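Trainee: I would like to go through the charged pairs in this model. Where do we start?

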Amino acid sequence: MAAMSTRQKLIDLSTPAFIVNRHAFRQNCELVRTSANANGIHRLRLHVKTHKTREGCLIQSGIRGDDGGGGVPAQASVIGFVVSTLPELSMVADLACHHQCRPFSDILYGIPICKSKLSAIYSLKMKLASATNNDGSIHILIDNP
């Protein structure tokens, strides 16, 4: 979601390209947080599946200064993130290490886990624990038929 140069035209972008109206995205995220609170839903766990970007996570969370410059949470209703891949998990864990605050330090790996991913998840958990003074957590789902 990096800002596009004013001289670059959409037709000149390499495809596939992820193009977002940052203003509309920001408004939609604010509307979700506000509507949830107004309807008695005070805890949101947001998903990074579609945008898969640090900037998108910052905007979703309501962190002021979502250009990556830090800030404070705009609303307390965002408690964490749901991820579906190891790269997404690593990205959100990096945000937790950088921003030292929730919602980035509370991560749910939102699909049933397989054994081959456990060591990578454990390494990210240890990194998260170290950066957040053991305040961060990674949750996993277990499928038990």
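Mentor: Start with a definition. Helices are DSSP runs of H or I with at least four residues, numbered from the N terminus. Keep in mind that this is a predicted model.

Trainee: How many salt bridges does a search of the whole structure find?

Mentor: A pair counts when a side-chain nitrogen of Lys or Arg is within 4 Å of a carboxyl oxygen of Asp or Glu. Searching the whole structure on that basis gives a total of 4.

Trainee: Glu30 forms a salt bridge with which residue?

Mentor: The closest N and O atoms of the pair are 2.6 Å apart. Both residues sit in helix α1 (residues 22-38), 3 residues apart, so about one helical turn separates them. The partner of Glu30 is Arg33.

Trainee: Is Arg33 buried or exposed?

Mentor: Buried means under 20% relative accessible area. Glu30 is partly exposed at 31%. Arg33 has a relative accessibility of 3%, so Arg33 counts as buried.

Trainee: How far apart in sequence are the parts that Arg45 and Asp106 tie together?

Mentor: Arg45 and Asp106 form a salt bridge, with their closest N and O atoms 3.2 Å apart. Arg45 lies in strand β1 (residues 44-47) and Asp106 in strand β3 (residues 106-112), so the pair ties together parts separated in sequence by 61 residues.

Trainee: What is the relative accessibility of Asp106?

Mentor: Take the partner before it. Arg45 counts as partly exposed at 29%. Asp106 counts as buried, and its relative accessibility is 10%.

Trainee: Which helix holds Glu88, the salt-bridge partner of Lys52?

Mentor: The closest N and O atoms of Lys52 and Glu88 are 2.3 Å apart. Lys52 lies in the loop between β1 and α2 (54-61), and the pair ties together parts 36 residues apart in sequence. Glu88 belongs to residues 86-99, which form helix α3.

Trainee: Where is Ser105 found?

Mentor: Ser105 counts as buried, at 2% relative accessibility. Beyond its neighbours within four places in sequence, Ser105 is in contact with residues including Ala96, Leu128 and Thr132. Its place is the loop between α3 and β3.

Notes
Residues are numbered from 1 along each chain as its sequence is written. This is a predicted model: local features need pLDDT of at least 70, side-chain atom pairs count only at pLDDT 80 or more; totals for chains, interfaces and linings use all residues. Side-chain values use heavy atoms; hydrogens and water are left out. Helices (H or I, at least four residues) and strands (E, at least two) are DSSP runs, numbered from the N terminus. Buried means under 20% relative accessible area, exposed over 50%, partly exposed in between (1.4 Å probe, protein chains only). Contact means heavy atoms within 4.5 Å.
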